[in-house]
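Dear colleague,

Please look it over first, and then compare what you see with the notes below.

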Amino acid sequence: MDFSFTEEQTLIASSLREFASAELLPHYARHDRTGTFPRDVWQKMAGMGLFGLRVPEAYGGQEFDCITAGLAIEEAARGDFNLCYGILNSSFAGDLLGRHASEAIRNDWLRPMAAGERILSVCLTEPQGGSDAANIRTRAERRGDHYVLNGEKSSITLLMAGDAGIVFARTDPGAGAKGVSAFLVPFDSPGIARQPYQDMGAKCIVRGSMFLNDVVVPAENMIGPENGAFGPVMQTFEYTRALIGLMCIGATMQTLEETIAYARDRTAFGQPISKNQGVSFPVAEWWGRLTMARWHCYRTLWLRHQNLPHNAEAAVCKGMIPEICMGALQDCLILHGHYGYTQDFPVEQRLRDVAGQLIADGTPQICKIVIARQLFGREST
Ligand SMILES: Cc1cc2nc3c(=O)[nH]c(=O)nc-3n(C[C@H](O)[C@H](O)[C@H](O)COP(=O)(O)OP(=O)(O)OC[C@H]3O[C@@H](n4cnc5c(N)ncnc54)[C@H](O)[C@@H]3O)c2cc1C
């Protein structure tokens, strides 16, 4: 057993911590207030290699191992939780396209994505329900050398800033999860309309709904085999779920450290409030829980790196860690007193932003179903 990071991983993490503190954190609140997507900061993140973490070097990426990717998202989330959705999306796309897309698609999309020039969205959820992810109604019908897509996708991160979506559509109406295919669909294709949401948090990465009306997609834009997209997408979720855990932990650890600084400085009854165990103990407890959670994420990524099963472990990362982080953030807000409730400190924004990850990529209930299936067996759950 070896819990140490390599020298290279430690160097990458420390340079990203400096980057997050100097280039991301000072602008985190501004993007929330304007609700606009910051292309300038995006380019700086691309310059740090954050959108090509798992993209093969041959396509302009860093080709890092999963553990290094975890360190990168954890550190970046200390500066700007919301822009980490870009890291998540590009990790998802890098993993899925890197393994399953044609050479042409990889060339056209992975390199510009890693360079921050093109943004990819993941379009799985539909209006009738996201938890029952295999119940996809968007249709893709083959006509000669192309497919025609019709349907609606909802809750798509980075939809309004994005250039294309990895769209999951039904190619076999009677086959459930075994009748779903994935397509690379440029958002400027005729027949696509997009509509933004007004979200409580993560405002600058603007989620939205996409409507597909007779959208023609060349057959070579299919990712992986026809009717075979569902398995690969679930395997990719096992990776991004661990990243999400670390993204939430990065933002929450940062808040915990800000709270420690605040509690050392703030006085009440003639002494720093940190002298009260009512203040220091919740911080100590959350630090303990976050530390346990953090190592669980790295173990999950280590299992993936070793090609060992990690389905339930990834579901723990996604299903439980955002809840732990929400509890920690709420206590941090209380420890800031009334200032915590203002927009003068980032804690209220982190509470709103991290809340989105209670739901995205599988709710706590869905993740518990995944864990229970492993513990009890599929036939007993
Ligand atoms: C910030 C954010 C970003 C997102 N980004 C994307 C994206 O980029 N691409 C994308 O495709 N989707 C995205 N999503 C959508 C997300 O994946 C879905 O919202 C999620 O899977 C839940 O689906 P739903 O919202 O339709 O809820 P539903 O499936 O309708 O579920 C509603 C409630 O019922 C519960 N429930 C459902 N079935 C069961 C069951 N069998 N047992 C117990 N409880 C159950 C759920 O846990 C939930 O609490 C994002 C969501 C958010 C909030």
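How do the residues of the lining of the largest cavity divide into nonpolar, polar and charged? Before I answer, please keep in mind that this is a predicted model. The lining divides into six nonpolar residues, three polar ones and one charged one, and its members are Trp-42, Phe-51, Gly-86, Asn-89, Ser-90, Met-113, Arg-118, Ile-119, Leu-120 and Leu-158. Helix α5, which covers residues 84-100, gives the largest share of this lining, namely three residues. The space in the largest cavity comes to about 60 Å³, and the structure holds three cavities of 30 Å³ or more.

Turning to the strands, β7 (residues 208-218) runs antiparallel to β3 (residues 146-156), and eight bridges join the two; within this pairing, Leu-149 has Val-215 in β7 as its bridge partner. Strand β7 also pairs in the antiparallel sense with β6 (residues 192-196), here over five bridges, and Arg-194 stands opposite Met-210 of β7.

Finally, there is the ligand, which has 19 residues around it, and of these Val-122, Thr-125, Gly-130, Ser-131 and Thr-363 come nearest. An N or O atom in the side chain of Ser-131 is 2.6 Å from an oxygen atom of the ligand, while for the side chain of Gln-365 the corresponding distance to a ligand oxygen atom is 3.1 Å. A nitrogen atom of the ligand, in turn, is 2.9 Å from an N or O atom in the side chain of Ser-155. Taken alone, the ligand exposes 970 Å², of which the protein buries 64%.

With best wishes

Methods. Residues are numbered from 1 along each chain as its sequence is written. This is a predicted model: local features need pLDDT of at least 70, side-chain atom pairs count only at pLDDT 80 or more; totals for chains, interfaces and linings use all residues. Side-chain values use heavy atoms; hydrogens and water are left out. On a 1 Å grid over the protein atoms alone, a cavity is a set of points where a 1.4 Å probe fits but cannot get out, and a pocket is an open set with protein on both sides within 12 Å along at least five of seven lines; lining residues have an atom within 4 Å of a point. Grid points are joined across faces, edges and corners, and a volume is the space filled by probe spheres set on the points. Helices (H or I, at least four residues) and strands (E, at least two) are DSSP runs, numbered from the N terminus. Ala, Val, Leu, Ile, Met, Phe, Trp, Tyr, Cys and Pro count as nonpolar, Asp, Glu, Lys and Arg as charged, and the others, Gly among them, as polar. Two strands pair if DSSP finds at least two bridges between them. A residue is near a molecule or strand if one of its heavy atoms lies within 4 Å of it. A polar contact is a pair of N or O atoms within 3.5 Å; within protein, one must be able to donate a hydrogen and the other to accept it, and residues adjacent in sequence count only if both atoms are side-chain atoms. Accessible areas come from the Shrake-Rupley method with a 1.4 Å probe; for residues, only the protein chains shown count as cover.
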